[in-house]
Amino acid sequence: MKALDKAKKKAKITVKVGGKKMKPEESVKVHDWKAAEETAAAQEDSAKEEESFEWVLPELDADQIEEFRPIHYTPAPKKKSIFPKKTAANRAAPAILFSVVSAVVFGALLGFVVLKFIAYGDHQTKLPNQQAEGAATGAAQQEARLPALSIGIIQAGVFSTEGAASKVSRELASKKVPSMQLSMDGQRYIFAGVADSLGTAKKMETAWKDKGVELYAKEISFSSKKVQTTTKDEQIFVRETVPLFQKLAKETAAAVQNGRVSPDGMKTAETAAGKVKKLAKVRQETLGRLKKYETAAYESLVAYQKSGNRQDLTNAEQNLLDYVKVYSGH
């Protein structure tokens, strides 16, 4: 029973370090984890062995005990980089270079945009002006057609050479008879007057015969022709020029026959001439010359109406003849 009681007591293990027993407070207690239910005999044998056997642990250097080993951490030496260490100046250099390049690129782009904007602004400024001109005075590069023109004309002769024709023209001028040379079919024609129709032209023959000039009336026609207009004024002029010419030719021929102009006829001509005179942007060469001559013819006819000066009537006829020459294209 005594042995059994001792077995029930907890066994102790004495730890010696370097052959010396450790102090009690330094002893390591090891508890028996065998179950108490083991047989009494086995416990008794175990107890006897524990009483007669001293546990001696192998001597270990203090440094070998992991629990007591002081840890001195020394960081591993850094490997030297083959690349040079970046200093503050080195790090700043790419940033400065990038800033410079960015500034140059941005400046170039800004300059390009400004130039484009200026060019666009100029274009936009011109475009509204052109559009305004198109609305008020014309659309660019539009084709128009001068209508066919058929008139009565007073012919003074046909010549094969320019010299002979010029001689006759000087003779007519000395007699204060208007004249105009026109080259057609290899011949030089001289015309001394114009009328709105062949019938009116025939009535003019007697008036010029009094001056000792042999003339005869004929009809002449000019086909329609294309013209390139650049303004709306020119397009309007193409429509208005022939009607005005025919009115002026009629009133001038009547004045040549009767020595006076018709007030009603002049009022009609005044309305038509007023429309043409307002067309300030007739820039096409042919159309500009046509406008010049028929406007001058109207003004000469008005002057003759006021003064009765025969020279004004001759000037009106001369301007109408020059109009015919331009219209013919010869």
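Of the contacts (heavy atoms within 4.5 Å) in the protein chain with a separation of 6 or more, 75% are accounted for by residues 24 or more positions apart. The model is predicted, so local features need pLDDT of at least 70 and side-chain atom pairs count only at pLDDT 80 or more, whereas totals for chains, interfaces and linings use all residues. Residues are numbered from 1 along each chain as its sequence is written, and side-chain values use heavy atoms, with hydrogens and water left out. The secondary structure comprises nine helices and eight strands; helices (H or I, at least four residues) and strands (E, at least two) are DSSP runs numbered from the N terminus. Buried residues make up 30% of the 330 residues in the protein chain, where buried means under 20% relative accessible area, exposed over 50% and partly exposed in between (1.4 Å probe, protein chains only).

In soluble globular proteins, nonpolar side chains tend to be buried together. The largest nonpolar core has 64 residues, such a core being a set of buried Ala, Val, Leu, Ile, Met, Phe, Trp, Tyr and Cys residues joined through side-chain atoms within 4.5 Å. Helix H6 gives the largest share of this core, ten residues. The residues with the most contacts inside the core are Ile154, Phe191, Phe245, Leu248, Leu287, Leu290 and Tyr327. Apart from neighbours within four places in sequence, Leu248 is in contact with Ala269, Glu294, Ala297, Tyr298, Leu301 and Leu320.

Two packed helices are described by the angle between their axes and the distance between the axes. The axes of H6 (residues 232–258) and H9 (residues 310–328) come within 10 Å and cross at roughly 145°; axes are lines fitted to C-alpha atoms, for helices over the stretch in contact, and angles run from 0 to 180 degrees between N-to-C directions. On the H6 side, the residues that meet H9 include Phe245, Leu248 and Thr252, and the H9 residues include Leu320, Tyr323 and Tyr327. The residues of this contact divide into 13 nonpolar, two polar and two charged (Ala, Val, Leu, Ile, Met, Phe, Trp, Tyr, Cys and Pro count as nonpolar, Asp, Glu, Lys and Arg as charged, and the others, Gly among them, as polar).

A search of the whole structure finds three aromatic pairs. Rings of Phe, Tyr and Trp (its six-membered ring) pair if their centres lie within 6.5 Å, and planes under 30 degrees apart count as stacked, over 60 as edge-to-face and the rest as tilted. The Tyr189 and Phe191 rings have centres 6.1 Å apart and planes at 5°, so this pair is stacked; both residues are buried. The pair of Phe245 and Tyr323 is also stacked, because the ring centres are 4.6 Å apart and the planes lie at 15°. Since Phe245 lies in helix H6 and Tyr323 in helix H9, this pair ties together parts that are 78 residues apart in sequence. Both Phe245 and Tyr323 are buried, and together with Tyr327 they form one aromatic cluster.

Ser300 is found in helix H8 (residues 285–307) and counts as buried at 13% relative accessibility. Not counting residues up to four places away in sequence, Ser300 touches Asp312, Asn315, Ala316 and Asn319.

Most residues other than glycine have a negative phi. Lys176 has a positive phi, near 60°, and is found in the loop between helix H4 (162–174) and strand E5 (180–184). Asp185, with phi near 55°, lies in the loop between E5 and strand E6 (187–195). Lys176 is exposed, with a relative accessible area of 55%, and Asp185 counts as exposed at 77%.
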